[in-house]
Amino acid sequence: MIDWLAVARAIHVLSIVHWIGGLLFVTFVILPSLRELEPRLRVEMFEKLERRFAIQARVSVLLAGVSGFYMLDAFGHWSRIADPRFWWLGAMIALWAIFTIMLFVAEPLFLHAWFGRRAALDPDGTFRVALRGHRVLSILAAITVMGATAGAHGLF
Ligand code: HEM
């Protein structure tokens, strides 16, 4: 018989590897490399790369959410969301909610247009804002991955 919980866990981890790994690569490799370019070209390149990754990240965020909620339900662990000992569960759901809102609501509705308008006026400042935002999200994501792995295997 197929162990669907194990399948869900495998899908969950793969989607996290793709989504969070991609985020860290953009933050700590792509963005610092773009610094060498002239400000207007830098913002243009950033938008192109980010748009391509955002399409893939939407799939990973969706799979991470479906597999995560499936596991939560199968384990019968819904009440743990409100338990501070399982802070890492709340952290996973909060990070997922931030990205879901950004990728599926804010970006298509207004974030993309706002970024374009701001970049046309101040490409250097806009790039700095983007870099700072990526750094904050990357640090939160790294803490969440560590907390979730340690927590799922009984550290807390
Ligand atoms: C809707 C959002 C999410 C839900 C409902 C969810 C739920 C879960 C559940 C129920 C587990 C199994 C815990 C256990 O074995 O006791 C788990 C494991 C895990 N999750 Fe999530 N998760 C979500 C999003 C995320 C995010 C955003 C990340 C990373 C930033 C993440 C990373 C992990 C990791 C690393 C594990 C441990 C896998 C292992 O070592 O077995 N999850 N998640």
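Predicted model: local features only at pLDDT ≥ 70, side-chain atom pairs only at ≥ 80, totals over all residues.
1. Confidence. The mean pLDDT of the chain is 96, and 100% of the residues score at least 70. Helix α1, residues 4–34, has the highest confidence, at 97. Confidence is lowest in helix α2, residues 39–75, where the mean is 95.

2. Overall layout. The chain contains 4 helices and 0 strands, and its elements, read from the N terminus, run α-α-α-α. Along the principal axes, the C-alpha atoms fill a box of roughly 55 × 30 × 25 Å. Of the 156 residues in the chain, 19% are buried. Among contacts with a separation of 6 or more, 83% join residues 24 or more positions apart.

3. Helices α1 and α2. The axes of these helices cross at roughly 160 degrees and come within 8 Å. An angle over 145 degrees counts as roughly antiparallel, so α1 is roughly antiparallel to α2. The crossing in which α1 passes α2 is left-handed.

4. Helices α3 and α4. Here the packing angle is about 165 degrees and the axes are 10 Å apart. These two helices are therefore roughly antiparallel to each other. α3 passes α4 in a left-handed crossing. On the α3 side the residues that meet α4 include W87, W88, L95 and F115. Their counterparts in α4 include P123, L140, A141 and G151.

5. Helices α2 and α4. This pair packs at an angle of about 40 degrees, with axes 8 Å apart, which makes α2 oblique to α4. α2 also passes α4 in a left-handed crossing. From α2, the contact is made by P39, R40, R42, V43 and F46. From α4, P123, D124, T126, F127 and A130 take part.

6. The largest nonpolar core. This core has 13 residues, and within the core I16, W19, I20 and V61 touch the most other members. Each of the helices α1, α2, α3 (87–121) and α4 (123–152) supplies at least two of the core residues. The most come from α3, which gives 5 residues. Leaving aside residues up to four places away in sequence, I20 touches A141 and V145.

7. A separate core of 6 residues includes L34, V43, A119 and A130.

8. The loop residue R80. Is R80 buried, exposed or partly exposed? R80 has 15 C-beta neighbours inside 10 Å; 20 or more would count as buried and 12 or fewer as exposed, so R80 is partly exposed. The residue sits in the loop between α2 and α3. Not counting residues up to four places away in sequence, R80 touches F86 and L89.

Key. Residues numbered from 1 in each chain as written. pLDDT = per-residue confidence, 0-100. Core = buried A, V, L, I, M, F, W, Y, C linked by C-beta atoms within 7 Å. Contact = placed C-beta atoms within 7 Å. Axes fitted to C-alpha atoms, helices over the stretch in contact; angles between N-to-C directions. Parallel < 35°, antiparallel > 145°, perpendicular 65-115°, else oblique. Left-handed = near helix turned anticlockwise from the far one by under 90°.
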